[in-house]
Amino acid sequence: MENEKETVSTLLGFDDSVNMVLEDVTEFEITPEGRRITKLDQILLNRNNITMLMPRGEGHEV
C-alpha cells in the first residue's frame, strides 16, 4: 500500500474500479516506534491505496 503498510488477507470481492473487500486482515506497518501489527475482521480497500498485489505470496509471518 502507498502509506508503507503491507496487508495480508483474503479477497472477498472487488468492483470494476478494483476497490476490494478483504477479510481476516493483518496490517503490517513500520513506524518510528517500531513494527505495528493490526488485525481486522473486514475492510474496504480503495484502489488508490494499492500499489502491488501478490496472490498467495509469501508475506510476513503472522
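Visitor: What share of the contacts with a separation of 6 or more comes from residues 24 or more positions apart?
Guide: That share is 33%. Keep in mind that this is a predicted model.

Visitor: OK. How many helices and strands are there?
Guide: There are zero helices and three strands. Along the sequence, the pattern reads β-β-β.

Visitor: In what order do the strands sit in the sheet?
Guide: The order is S1-S2-S3. The sheet is open, and its pairing is antiparallel.

Visitor: Which strands stand at the edges?
Guide: S1, residues 5-14, and S3 do. Each has a single partner strand, so one side of each has no neighbour in the sheet. From one strand to the next, the twist averages 10°.

Visitor: How many bridges join S1 and S2?
Guide: Eight bridges, in the antiparallel sense.

Visitor: New topic. Is isoleucine 43 buried or exposed?
Guide: Isoleucine 43 is buried. Its relative accessible area is 16%, and buried means under 20%, so it falls below the cut-off.

Visitor: Where is isoleucine 43 in the chain?
Guide: Isoleucine 43 is in strand S3, which covers residues 34-45.

Visitor: What does isoleucine 43 touch?
Guide: Leave aside neighbours within four places in sequence. Then isoleucine 43 is in contact with Met20, Val21, Leu22, Val25 and Glu27. Take leucine 22: it is 21 residues from isoleucine 43 in sequence, yet their C-alpha atoms are 5.4 Å apart in space.

Visitor: Which residues make up the largest nonpolar core?
Guide: Five residues: Met20, Leu22, Val25, Ile43 and Leu45. The largest share, three residues, comes from S2.

Visitor: Why would side chains like that gather?
Guide: In soluble globular proteins, nonpolar side chains tend to be buried together.

Visitor: And methionine 20, what does that one touch?
Guide: Not counting residues up to four places away in sequence, methionine 20 touches Leu11, Gly13, Phe14, Ile43, Leu44, Leu45, Ile50 and Leu53. Two of those, Ile43 and Leu45, are in the core with methionine 20.

Visitor: Last one. What percentage of the chain is buried?
Guide: Buried residues make up 18% of the 62 residues. The accessible surface comes to about 5000 Å², with 47% of it belonging to carbon and sulfur atoms.

Conventions
Residues numbered from 1 in each chain as written. Predicted model: local features only at pLDDT ≥ 70, side-chain atom pairs only at ≥ 80, totals over all residues. Heavy atoms only, no water. Helix = DSSP H or I, 4+ residues; strand = E, 2+ residues; numbered from the N terminus. Buried < 20%, exposed > 50% of the residue type's maximum accessible area, 1.4 Å probe, protein only. Contact = heavy atoms within 4.5 Å. Core = buried A, V, L, I, M, F, W, Y, C linked by side-chain atoms within 4.5 Å. Areas by Shrake-Rupley, 256 points an atom, 1.4 Å probe, with all protein chains shown as cover. Pairing = 2+ DSSP bridges. Axes fitted to C-alpha atoms, helices over the stretch in contact; angles between N-to-C directions.
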